[in-house]
Amino acid sequence: MAKGESPLKQFEIQPIIDINLFGLDISFTNSALWMTVTTAFILIFFTAPFLKSKKTNSVSDLYPSRMQVAAELGFSFINSLLNDTVGKEGKKYFSLVFTLFMFILFGNLFGMIPYSFTFTSHIIVTLALAMGVFIFVTVLGFVKHGVKFFSFFVIPGLPIYMLPLLIPIEIISYLSRPISLSVRLFANMLAGHTLLKVFAGFVSALGIYGILPLVFIIALTGLEILIAFLQAYVFAILTCLYINDALHLH
Amino acid sequence: MPDKQPKMQGLSFAYRISTELLGALIVSVIIGLLIDKMFDSKPIGLITLIIMGFFAGLLNIYRLIRRIENPK
């Protein structure tokens with residue numbers, strides 16, 4: 001890190017191609033670039049192993065390639081997650097959970113590459129994803145249950161005089177879902193990357209003793225990769241739980 | 001990764017508990033400020049909603065812990 005450079009500089013959004021549409025600034029930024037890279041990578045990751053095995057016709061085609069096993073591992077991971085939390089009805093929503101999981105996972109992992117940009121460290125991105133899930137789940141609840149969906153806010157077996165107090169609390173609890181979902185992902189990525197840069201600054205500042213923070217950074221990088229995976233997992237499992245709540249009230 | 005599931009679940013609960021309270025409080029502060037703006041009742045709406053938001057956050061955490069104790 002050069003002198004006088006803030007550890008927060010990595011989160012700055014820089015336009016790459018300036019686009020101005022009717023006074024709206026929709027420039028292609030570095031954030032958008034890394035989202036495109038992530039999406040393109042996921043597409044290649046999941047189509048390439050299957051395209052290749054079609055062309056040749058040898059014995060080795062009978063065995064799945066390493067890439068195919070890796071792709072299927074991610075596939076079965078989300079499949080079992082949905083099966084455990086939602087049950088058999090969850091199959092329909094596989095594509096939603098899988099897309100979210102992969103997008104966040106690879107977004108986080110690509111953010112670990114030096115000089116790249118972590119788009120999940122911006123609250124607007126994570127809030128948009130969380131709001132998408134929230135609106136989808138609410139609409140799903142209304143489609144499945146109609147007006148009965150409102151009974152979700154009433155705890156069964158509660159004395160009637162407690163209702164005016166507890167229904168607003170339940171509604172706040174319901175509305176807090178997208179906020180806590182987005183803040184969790186955003187805060188973890190922001191804090192982790194800032195911490196890495198702060199300790200990277202110590203390496204050059206301490207001279208020969210810089211070896212100590214350097215060792216720490218190596219350990220921290222491992223932890224960051226774990227967190228990158230964990231946060232994607234938490235986002236996916238919460239999406240499953242919310243779908244489950246919308247399908248089976250209480 | 002089926003064998004990794006329980007370990008991951010424990011860690012994910014740890015990350016969730018910290019933000020459940022925060023999320024409920026943020027939402028209640030926003031609603032409280034909106035109510036104050038609409039009815040011009042400066043601090044009362046905010047104070048009431050913060051207290052309710054705190055209880056909503058506790059309710060979230062309570063539900064989470066109940067799920068840890070008996071995962072269905």
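Leaving aside its neighbours within four places in sequence, with which residues is Phe101(A) in contact?

Author: The model discussed here is a predicted one. Once neighbours within four places in sequence are set aside, the contacts of Phe101(A) are Ile78(A), Ala232(A), Phe235(A) and Ala236(A). Phe101(A) also belongs to the largest nonpolar core, a set of 50 residues. Within this core, the residues with the most contacts are Phe101(A) itself, Val97(A), Phe235(A) and Ala236(A).

From chain A, two or more residues each are given by H2, H3 (94-111), H4 (123-145), H5 and H6, and from chain B by H1 (5-39) and H2 (42-69). H6(A) supplies the largest share, 13 residues. As general background, nonpolar side chains tend to be buried together in soluble globular proteins.

The two chains also touch: 16 residues of chain A are in contact with 21 residues of chain B. On the chain A side, helices H2 (66-85), H5 (163-205) and H6 (211-247) each give two or more residues, and H5(A) provides the largest share, 10 residues. By class, this side of chain A comprises 11 nonpolar residues, four polar and one charged.

In total, nine nonpolar, two polar and one charged residues take part in the contact of H4(A) with H5(A).

Notes: Residues numbered from 1 in each chain as written. Chains lettered and ligands numbered in written order. Predicted model: local features only at pLDDT ≥ 70, side-chain atom pairs only at ≥ 80, totals over all residues. Contact = placed C-beta atoms within 7 Å. Helix = DSSP H or I, 4+ residues; strand = E, 2+ residues; numbered from the N terminus. Nonpolar A, V, L, I, M, F, W, Y, C, P; charged D, E, K, R; others polar. Core = buried A, V, L, I, M, F, W, Y, C linked by C-beta atoms within 7 Å. Buried ≥ 20, exposed ≤ 12 C-beta atoms within 10 Å, placed from the backbone.
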